[in-house]
Amino acid sequence: MFWPALSVAAAAEADPERVRLGVRLLGEALEDPEVALSYGGDGLGGEIAATVPVVGPIHVTLEAGYLRRGGHLVTAAGGAGAASSFWYLPMSLPVSWVADLGAVQLGAGVGPTYLLFAEPEVSNGADIVESGGKFGFVVNARASIATKMVRASLHDPDRGPRSLDVTIGIGYRHAFANLFGPDAGQGHDLSAARAALGIELVY
């Protein structure tokens with residue numbers, strides 16, 4: 001689930017007409033300086049993805065991720081305030097153009113994204129939760145490299161996974177202002193540069 005994201009796919013025996021199901025380690029560098037000050041600028045999380053061929057080289061991918069950061073709110077004096085955390089779930093639907101170059105498959109895409117976020121503040125023993133949602137768009141490029149850890153069945157090659165690929169992706173997400181919640185019309189800027197590393201089962 002990317003931003004404007006960049007994703008390149010290199011796959012031995014690549015087959016662009018196949019469905020791909022993947023899991024990824026996801027890293028993001030948020031642009032919001034307040035989030036960076038309270039929780040650090042970079043964060044790691046996870047993402048699942050399903051890619052389906054539509055027509056010719058055009059593919060659609062559904063991505064959903066989860067990232068969480070722990071830290072402290074910043075006081076007016078610039079010191080550490082109440083303990084807090086910040087988590088968000090980015091969901092994206094990029095449409096990609098995929099090129100099959102034999103042993104290498106390259107793809108790049110763009111599409112809409114939506115994020116749910118929450119910032120539970122632990123203050124005086126009580127939890128004060130701020131939450132909201134944001135729309136945006138992503139641009140991406142990724143590469144998938146086929147391994148020989150999984151192969152198609154010789155008895156029935158049309159059943160089960162045909163390949164296990166390693167995937168590498170980079171990209172960018174632009175997020176607009178909150179649509180609802182206590183900070184509607186403003187709130188954190190969840191635009192981010194992104195990078196991902198994972199595996200995909202090719203069916």
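A residue counts as buried when its relative accessible area is under 20%. By that cut-off Arg24 and Glu47 are both buried. The model is a predicted one.

**Stop 1: Arg24 and Glu47.** Select these two side chains; they form a salt bridge, with N to O at 2.9 Å. The two residues lie 23 residues apart and link distant parts of the chain: Arg24 belongs to strand S2 (residues 20–30) and Glu47 to strand S3 (residues 42–55).

**Stop 2: Glu28 and Arg173.** A salt bridge joins Glu28 to Arg173, and their closest N and O atoms are 2.7 Å apart. Here strand S2, which holds Glu28, is linked to strand S9 (residues 163–180), which holds Arg173, across 145 residues of chain. Glu28 and Arg173 are both buried.

**Stop 3: Glu28 and Arg194.** Which residue forms a salt bridge with Arg194? Glu28 does, with the closest N and O atoms 2.5 Å apart. Arg194 sits in strand S10 (residues 192–202), 166 residues from Glu28 in strand S2. Arg194 counts as buried because its relative accessibility is 3%. Glu28 also has a relative accessible area of 3%, so Glu28 is buried.

**Stop 4: the network.** Now select Arg20, Arg24, Glu28, Glu47, Glu63, Arg142, Asp165, Arg173, Arg194 and Glu200 together; salt bridges link them in a network. How many salt bridges does a search of the whole structure find? The search finds nine.

Key. Residues are numbered from 1 along each chain as its sequence is written. This is a predicted model: local features need pLDDT of at least 70, side-chain atom pairs count only at pLDDT 80 or more; totals for chains, interfaces and linings use all residues. Side-chain values use heavy atoms; hydrogens and water are left out. A salt bridge is a side-chain nitrogen of Lys or Arg within 4 Å of a carboxyl oxygen of Asp or Glu. Helices (H or I, at least four residues) and strands (E, at least two) are DSSP runs, numbered from the N terminus. Buried means under 20% relative accessible area, exposed over 50%, partly exposed in between (1.4 Å probe, protein chains only).
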